[in-house]
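Please read it with the structure open.

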Amino acid sequence: QPLTAGDTTSSDDSTAPTSSTAAVPVRKRTLADYRLGRTLGEGSYSTVVAGVDLSNKRDYAIKVLDKRHIIREKKVKYVNIEKNTLYKLDHPGVVKLYSTFQDSSSLYYVLELCQNGELLTFIKRLGSFDENCTRFYAAQILTAIEYIHHRGVIHRDLKPENILLDHRMYIKLTDFGTAKMLEPSEDGTESDRANSFVGTAEYVSPELLTEKAACKSSDLWALGCIIYQLLAGRPPFKGSNEYQTFQKIVKLEYSFPAGFPATAMDLVSRLLVHDPNERLGANNTIDKLKQHPFFDGVEWDELWTQPAPRLM
Ligand SMILES: Nc1ncnc2c1ncn2[C@@H]1O[C@H](COP(=O)(O)OP(=O)(O)OP(=O)(O)O)[C@@H](O)[C@H]1O
Ligand SMILES: O=C(O)C[C@H](Cc1nc2cc(Cl)cc(Cl)c2[nH]1)c1ccc(Cl)cc1
């Protein structure tokens, strides 16, 4: 018998006033609060299913992790990094985490539902994006990166699989389990280097391969790779295996296909730069990135209210 709004099984006082004005404390959710629907996707350690919250009839994405698997694979740290990072972030371009809970076998994240799945799916389906669509999506991704960096978070694994699309076809960054929260160091400025962890081969920055240390600028390198991929239909560095890919990155071995728009070529070549400090927008100068001619015409204040361009 599914729960209906107003029914309560937990210690709540079931005679609690049901009027919407009553400040009912936010009760820790349990699985019983949701009607689970279709499976949205599978991760290495997770399954994501659609779920309707029975008390407010809203749709969510519920990410389920098997506890034993998490412990065996030593991913406890990543789970708590993803939880703490997502709880801290609040931006239209970042997937929202509403609640977390657990039962005897699993851990649950209740996430904002991104009905249109992964950006990668659309790149594959269309082959590539036209310049106008690339501009819109690059601008949305850029403002989401600007926001997480402002909050002292480096994503470290930005790629079209980790950029989801909601019902309005707006982007939502996800997968913060490998993100890095920069610790404010003694002199108050945040330490700018994060150690260990290597992202996905095609999008990994050179500094991560040579010095094993990511910085905010590593996300700008990934943005350069993503802009290239939106227009070319494939990432700039792609070897026949991971090692080959890393070689190309370290040697900056990439070229633009014929027909690649000139302003986009200029922008990408200012992001795919070895020295992290030399990348356009590095060292908290993302405004310089926004002023690049490629973004001419972007209404930055309307970016999260205007309708997304039709992908074609
Ligand atoms: N909030 C969401 N809304 C809709 N679909 C989602 C959402 N979060 C994840 N998904 C889908 O579920 C799939 C699995 O996501 P999840 O984050 O659990 O694993 P992953 O990060 O893709 O894989 P891995 O853990 O191996 O990196 C994703 O590929 C995505 O398609
Ligand atoms: O309920 C909360 O919010 C806190 C718990 C803390 C927590 N309990 C755990 C149990 C196990 Cl076995 C593994 C991890 Cl990573 C665990 N993390 C929790 C539950 C779910 C998720 Cl996704 C993260 C953290």
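1. The largest pocket. It holds about 1,000 Å³ of space. A pocket here is an open set of points on a 1 Å grid over the protein atoms alone, with protein on both sides within 12 Å along at least five of seven lines. Points are joined across faces, edges and corners, and the volume is the space filled by probe spheres set on them. The lining has 36 residues, and Gly43, Ser46, Lys63, Asn162 and Asp175 are the closest to the centre. A lining residue has an atom within 4 Å of a point.

2. Basis. This is a predicted model: local features need pLDDT of at least 70, side-chain atom pairs count only at pLDDT 80 or more, and totals for chains, interfaces and linings use all residues. Residues are numbered from 1 along each chain as its sequence is written, chains are lettered from A and ligands numbered from 1 in the order in which they are written, and side-chain values use heavy atoms, with hydrogens and water left out.

3. Make-up of the pocket lining. β1 supplies the largest share, 4 residues. By class the lining has 15 nonpolar, 10 polar and 11 charged residues. Ala, Val, Leu, Ile, Met, Phe, Trp, Tyr, Cys and Pro count as nonpolar, Asp, Glu, Lys and Arg as charged, and the others, Gly among them, as polar. Elements are DSSP runs numbered from the N terminus: helices are H or I with at least four residues, strands E with at least two.

4. Ligand 1. This ligand sits in the largest pocket, meaning that more than half of its atoms lie within 2 Å of the pocket's grid points. β1, β2 and β3 each give two or more residues to its shell. The largest share, 3 residues, is from β1. Of the 16 residues around the ligand, Ser44, Ser46, Glu112, Glu118 and Asp175 come nearest. A residue counts as near if one of its heavy atoms lies within 4 Å.

5. Polar contacts of ligand 1. A polar contact is a pair of N or O atoms within 3.5 Å. Serine 44 places a polar side-chain atom 2.3 Å from an oxygen atom of ligand 1. For serine 46 the distance to a ligand oxygen is 2.5 Å. A side-chain N or O atom of glutamate 118 is also 2.5 Å from an oxygen atom of ligand 1. The protein covers 82% of the 610 Å² of accessible area that this ligand has on its own, by the Shrake-Rupley method with a 1.4 Å probe.

6. Ligand 2. Its shell has 13 residues, with Lys28, Lys83, Thr100, Phe101 and Gln102 the closest. α2 gives the most, 4 residues. The classes are 7 nonpolar, 3 polar and 3 charged. Which distances separate side-chain N or O atoms from ligand oxygens? For threonine 100 it is 2.6 Å, for lysine 28 3.2 Å and for lysine 83 3.4 Å. The protein covers 80% of the 550 Å² of accessible area that ligand 2 has on its own.

7. The cavity. The whole structure has 1 cavity of 30 Å³ or more. In a cavity, a 1.4 Å probe fits but cannot get out. Lining residues include Arg156, Asp157, Tyr203 and Asp219. Helix α6 (residues 216–232) gives the largest share, 3 residues. The lining comprises 5 nonpolar, 4 polar and 3 charged residues.

Conventions. A polar contact is a pair of N or O atoms within 3.5 Å; within protein, one must be able to donate a hydrogen and the other to accept it, and residues adjacent in sequence count only if both atoms are side-chain atoms.
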